[in-house]
Amino acid sequence: MNVETRWAIDPETARSLDTTALRSEFLIETPFVPGEINLTYSHMDRMIVGGATPADSTLKLEAFKTLGTANFLDRREAVIANIGEEGIVTVGSIDYTLGHRDMLYIAMGAGDVSFSGKGAKFYIVSAPAHKTYETRLIKIEDANRIDLGAQETSNERSIFQFVHADGAKSCQLVVGMTTLAPGSVWNTMPAHLHDRRTEAYLYFGMPETARVFHFMGEPDETRHMVIANEQALLSPGWSIHCGAGTANYTFIWAMAGDNIDYKDVDMVAMEDLR
């Protein structure tokens, strides 16, 4: 298991970063490596983001020094999403079978976690917790679906809410998935801010030659990063987050912070973007 630590970056510092530095601070380039668990521990709301790719082995989610606990879930909750073929997540003594695009919410104190499944790719998001809720498997067909946008504006898309106030309960995590229809490329535009929460994005489901141009930064000082298939990134509360791809794609969004209100956003008018 490999763990990288990222410190919180303020907007003034971000203004001075070139492309290489910006990617180094916010982009998670290779979360999925066969036979490995790769995690990024961020000091932004203490989120952990990464991937577990079992291949021919069984991988165990271990605690590490920064957590300060004996076990990974002693003071944390987690959401696991499978973006690959069917696989198994074992929590304590219970096996949960996750198909493509299913998610598993794992409560604080639920026990040891391990991953298996030759073709599975497990995306991991975790945040500190203060209460134990129910560990719960949410199939893609059971997620709350919201259809938005239009082909005329290149943003026809379906939002699937998995972990949210009216669904699977959590302490901090709010997690869902957005799938763009063929011919649509824009997400989260008009842009907004999550001043009270940190967000992480995982882009996937697109050809290896396709790219998403992810926009971030302060509304009047925007930056962009070019994102390949199955790459993730961290989005601080002061930053917008929206994107346009060279083809349609899917992304998982995950938030942690002061509340679990999905609609708690600060909208940014198009005329205010620079």
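Helices (H or I, at least four residues) and strands (E, at least two) are taken here as DSSP runs and are numbered from the N terminus. By this assignment, Pro-190 lies in the loop between strand S16 (186-187) and strand S17 (192-193), and the peptide bond that leads from Met-189 to Pro-190 is cis, with omega near 10 degrees. The model is a predicted one, in which local features need pLDDT of at least 70 and side-chain atom pairs count only at pLDDT 80 or more, whereas totals for chains, interfaces and linings use all residues. Residues are numbered from 1 along each chain as its sequence is written, and side-chain values use heavy atoms, with hydrogens and water left out.

The protein chain contains two helices and 24 strands. Its radius of gyration (taken over C-alpha atoms) is 18 Å, close to the 19 Å that the globule rule (2.2 Å times the number of residues to the power 0.38) gives for 274 residues, so the chain is as compact as a globular protein of that length. The C-alpha trace of the protein chain spans about 55 × 35 × 35 Å along its principal axes. Of the 274 residues, 54% count as buried, where buried means under 20% relative accessible area, exposed means over 50%, and partly exposed lies in between (1.4 Å probe, protein chains only). The protein chain exposes about 11700 Å², of which carbon and sulfur atoms supply 48%; accessible areas come from the Shrake-Rupley method with a 1.4 Å probe, and for residues only the protein chains shown count as cover. Among the contacts (heavy atoms within 4.5 Å) with a separation of 6 or more in the protein chain, 70% are accounted for by residues 24 or more positions apart.

Pockets and cavities were located on a 1 Å grid over the protein atoms alone, a cavity being a set of points where a 1.4 Å probe fits but cannot get out, and a pocket an open set with protein on both sides within 12 Å along at least five of seven lines; lining residues have an atom within 4 Å of a point. Grid points are joined across faces, edges and corners, and a volume is the space filled by probe spheres set on the points. The largest pocket has a volume of about 400 Å³ and is lined by 20 residues, of which Arg-157, Ile-159, Thr-188, His-192 and Tyr-262 lie nearest its centre. Two or more residues of this lining come from each of strand S13 (144-148), strand S14 (157-163), strand S18 (197-204) and strand S23 (250-257), and the largest share, three residues, comes from S23. By class, the lining of the largest pocket comprises 12 nonpolar, five polar and three charged residues, with Ala, Val, Leu, Ile, Met, Phe, Trp, Tyr, Cys and Pro counted as nonpolar, Asp, Glu, Lys and Arg as charged, and the others, Gly among them, as polar.

The second largest pocket holds about 220 Å³ of space, and of the 16 residues that line it, Glu-4, Arg-6, Ile-28, Glu-29 and Thr-40 are the closest to its centre. S1 gives the most to this lining, with four residues, and the elements that each supply at least two residues are strand S1 (2-6), helix H2 (19-26), strand S2 (27-28), strand S3 (36-42) and strand S4 (48-53). The lining of the second largest pocket divides into six nonpolar, six polar and four charged residues.

One cavity of 30 Å³ or more is present in the structure, and about 50 Å³ of space lies in the largest cavity. Its lining includes Pro-11, Leu-22, Met-216, Glu-218, Arg-223 and Trp-238, and helix H1 (11-15), strand S19 (212-218) and strand S20 (221-227) each supply at least two of the lining residues.

Most residues other than glycine have a negative phi, and most peptide bonds are trans. Thr-188, found in the loop between S16 and S17, has a positive phi near 55 degrees and is buried, with a relative accessible area of 15%. Asp-45, in the loop between S3 and S4, likewise has a positive phi of about 55 degrees, but counts as partly exposed at 30% relative accessibility.
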